[in-house]
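Subject: The structure, and what I found in it

Hi,

Here is the structure I promised to pass on. Have a look at it first, then read my notes below.

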Amino acid sequence: MQEILNKIKTCGVIPVIKIDDANDALPLCKALSDGGLFAAEITFRTDAAEEAIKRVKAGFKDMLLGAGTVLDIETAKKAVNAGAEFIVSPGFNPVVVQYCLDNKIAVVPGVCNPTDIEMGLSMGLSTLKFFPAEAAGGLKMLKAMSAPYGKASFMPTGGISPDNLASYLEFKPVIACGGSWMVTDTLIKEKNWAEITRLSKEAVEIKNKIIVN
């Protein structure tokens, strides 16, 4: 599990993808990788998610592949069997978290208050998803909320964009940010792979400047 978290930290930016047609999965991930993003969180918000994960797993061996919007054990099983290496959820479901821990599956559940954080820490987790980041108070909220929990790290998701990405990544407890601005519904439906690559390159440039500094 720690190995996967280390990979997430190395990536720094995790594209959060809602895909309607599994046929778009491979060209989409090629566009991301061409832009320097070698990670994808494919969300179970559509019926195409499971098949999309399977195709990406088969076609992109070096892609760090996660499954998002995992709300129950059944979906977690589907995701892992399809090839997902980590599980992400919008909220903190102790049943799903315990299943993942029991089966040595990396899991990053959503939190948005101190009680959620303490639940995660009590179950042995070290990294949690701050969601919905901007709607829940943004970086100011995360700094205040995380202050008592020195051992916790976070993956803010929700409202992240090129405008605030750097400020989140500069905050030491943040290991990576999840975002969908480079993989919007419109870009995917229009098959605008070139723009997805451009936005991915931009995100990588922002991340790299933080690392250098």
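What follows is a walk through the sheet, the cores, the salt bridges and one serine.

Before anything else, keep in mind that this is a predicted model.

Six strands make up an open sheet, ordered 5-4-3-2-1-9 and paired in parallel. Strand 5 (106-108) and strand 9 (177-179) sit at the edges, and because each has a single partner strand, one side of each is left without a neighbour in the sheet. From one strand to the next, the twist averages 25°.

Within that sheet, look at strand 1 (residues 13-17) and strand 2 (residues 39-43), which are joined by two bridges in the parallel sense. I17 has I42 in strand 2 as its bridge partner. Helix 3 (residues 49-59) packs on the sheet, where it touches strand 2 and strand 3 (64-68). The direction of helix 3 makes about 160° with that of strand 2.

In soluble globular proteins, nonpolar side chains tend to be buried together. The largest nonpolar core here has 62 residues, and I17, I42 and L165 are the ones that touch the most other members. Helix 10 supplies the largest share of this core, with six residues. Apart from it there is another core, of 14 residues, including I4, A39, F86 and A106.

Leaving aside neighbours within four places in sequence, I42 is in contact with I17, I19, A49, A52, I53, V56, L65, G66, A67 and G68.

Now for the charged residues. Side chains of opposite charge can pair when their charged atoms come close. The structure has six salt bridges, and here are three of them.

- K191 and D24 meet through their side chains at 2.6 Å, N to O. This pair links distant parts of the chain, 167 residues apart: K191 is in the loop between helix 9 (185-189) and helix 10 (193-212), and D24 is in the loop between strand 1 and helix 2 (25-34). D24 counts as buried because its relative accessibility is 8%, under the 20% cut-off, while K191, at 44%, counts as partly exposed.
- D34 forms a salt bridge with K30, with the closest N and O atoms 2.8 Å apart. D34 and K30 are four residues apart in helix 2, so about one helical turn separates them. D34 is partly exposed at 43% relative accessibility, and K30 is partly exposed at 46%.
- K78 and E74 meet in a salt bridge at 3.9 Å, N to O. Both lie in helix 4 (residues 73-82), four residues apart, about one turn of the helix. K78 is partly exposed, with a relative accessible area of 35%, but E74 counts as exposed because its 53% is over 50%.

Last, the serine. Where does S89 lie? It is in the loop between strand 4 (86-88) and helix 5 (94-102). Is S89 buried or exposed? S89 counts as buried, at 7% relative accessibility. The side chain of S89 reaches the backbone oxygen of G91 at 2.7 Å. Leaving aside its neighbours within four places in sequence, S89 is in contact with V70, V108, P109, G110 and K129.

Cheers

Terms used. Residues are numbered from 1 along each chain as its sequence is written. This is a predicted model: local features need pLDDT of at least 70, side-chain atom pairs count only at pLDDT 80 or more; totals for chains, interfaces and linings use all residues. Side-chain values use heavy atoms; hydrogens and water are left out. Buried means under 20% relative accessible area, exposed over 50%, partly exposed in between (1.4 Å probe, protein chains only). A polar contact is a pair of N or O atoms within 3.5 Å; within protein, one must be able to donate a hydrogen and the other to accept it, and residues adjacent in sequence count only if both atoms are side-chain atoms. Contact means heavy atoms within 4.5 Å. Two strands pair if DSSP finds at least two bridges between them. Axes are lines fitted to C-alpha atoms, for helices over the stretch in contact, and angles run from 0 to 180 degrees between N-to-C directions. A salt bridge is a side-chain nitrogen of Lys or Arg within 4 Å of a carboxyl oxygen of Asp or Glu. A nonpolar core is a set of buried Ala, Val, Leu, Ile, Met, Phe, Trp, Tyr and Cys residues joined through side-chain atoms within 4.5 Å.
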